Amino acid sequence: MSADRGHEHGAGRRTTRRFPSFTRDTARPEGGGRAASGDLPAPARQWPLLVVLATVAVGLLVTSLDHFRVGALLIGAALLAGAVMRWILPSVGMLAVRSRFTDIATYGVLGLGIVLLALMAQPNPWLVIPYLKDTLHFTMRN
């Protein structure tokens with residue numbers, strides 16, 4: 001007797017331990033519930049995601065206005081803010097994609113990488129790492 005036939009006859013349990021051929025539902029990530037009450041309109045319920053997306057949009061706009069470093073810093077800061085919100089808030093709506101740890105690690109590493117690259121961008125970097133130039137010259141020698 002297959003799992004589907006068991007459900008046709010009103011049986012509440014699957015009769016086999018095999019996974020079904022078709023997935024009918026997916027589990028919501030931890031913290032993936034509404035960030036605000038259900039009485040509010042949809043944008044208000046997804047405010048953490050909207051904050052991150054709006055900050056990234058402002059960063060892209062600033063970058064397009066020929067202020068690369070400031071725009072990139074805004075984009076990196078938006079990702080870092082997403083990591084902090086994912087860590088602190090119990091529910092962040094659609095900002096929750098995977099497990100809490102994976103989301104925090106992904107947003108944090110990407111945000112920190114973008115911020116560091118923006119600070120080290122040429123010309124006139126705001127952050128100078130002394131051994132980095134020597135390492136690059138050592139690896140590029142013939």
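**Exposure, helices and a pocket in a predicted model**

Q: Is N124 buried or exposed?
A: In this predicted model, N124 has a relative accessibility of 61%. A residue over 50% is classed as exposed. With its 61%, N124 therefore counts as exposed.

Q: Where does N124 lie, and what is its phi?
A: N124 lies in the loop between α5 and α6. N124 is not a glycine, yet its phi is positive. The value of that phi is about 55°.

Q: What pattern does the protein follow along the sequence?
A: The protein has zero strands and six helices. Read along the sequence, the pattern is α-α-α-α-α-α.

Q: How many residues does helix α3 have, and what distance does the helix reach from its first C-alpha to its last?
A: Helix α3 covers residues 47-64, which is 18 residues. At 1.5 Å a residue, 26 Å is expected. The distance in the model is close to that, at 25 Å.

Q: Why are the buried residues of α3 on the same side of the helix, and what arc do they cover?
A: The buried residues of α3 are P48, L49, V52, G59 and V62. They are on the same side of α3 because the arc they cover around the axis is only 160°.

Q: Which exposed residues does the face of α3 turned away from its buried side carry?
A: The buried residues of α3 have a cover that includes α4, residues 68-88. On the face turned away from the buried side, the exposed residues are L61 and S64.

Q: Is D66 buried or exposed?
A: D66 is found in the loop between α3 and α4. Although D66 is not a glycine, its phi is positive, about 70°. Its relative accessibility is 69%, and the cut-off for this class is over 50%. D66 therefore counts as exposed.

Q: Is V92 buried or exposed?
A: V92 lies in the loop between α4 and α5. Its C-alpha atom is separated by 7.9 Å from that of W47, 45 residues apart along the chain. The relative accessible area of V92 is 1%, and under 20% is the cut-off for this class. V92 is therefore buried.

Q: Which residues does G111 touch, not counting those up to four places away in sequence?
A: G111 lies in helix α5, residues 100-120. At 0% relative accessibility, G111 counts as buried. The C-alpha atoms of G111 and L73 are separated by 8.9 Å, although these residues are 38 apart along the chain. Leaving out residues up to four places away in sequence, G111 touches G76, L79 and L80.

Q: Which helix supplies the largest share of the lining of the second largest pocket?
A: The second largest pocket holds about 240 Å³ of space. Of the 12 residues that line this pocket, M120, Q122, I129, L132 and K133 are the closest to its centre. At least two lining residues come from each of α5 and α6. The largest share, four residues, is supplied by α6.

Q: What share of the accessible surface of the protein belongs to carbon and sulfur atoms?
A: Buried residues make up 25% of the 142 residues in the protein. The accessible surface comes to about 10,700 Å². The share of this surface that belongs to carbon and sulfur atoms is 65%.

Methods: Residues are numbered from 1 along each chain as its sequence is written. This is a predicted model: local features need pLDDT of at least 70, side-chain atom pairs count only at pLDDT 80 or more; totals for chains, interfaces and linings use all residues. Side-chain values use heavy atoms; hydrogens and water are left out. Buried means under 20% relative accessible area, exposed over 50%, partly exposed in between (1.4 Å probe, protein chains only). Contact means heavy atoms within 4.5 Å. The expected span of a helix is 1.5 Å times one less than its number of residues. The arc is that of the directions from the helix axis to the C-beta atoms. Accessible areas come from the Shrake-Rupley method with a 1.4 Å probe; for residues, only the protein chains shown count as cover. On a 1 Å grid over the protein atoms alone, a cavity is a set of points where a 1.4 Å probe fits but cannot get out, and a pocket is an open set with protein on both sides within 12 Å along at least five of seven lines; lining residues have an atom within 4 Å of a point. Grid points are joined across faces, edges and corners, and a volume is the space filled by probe spheres set on the points.
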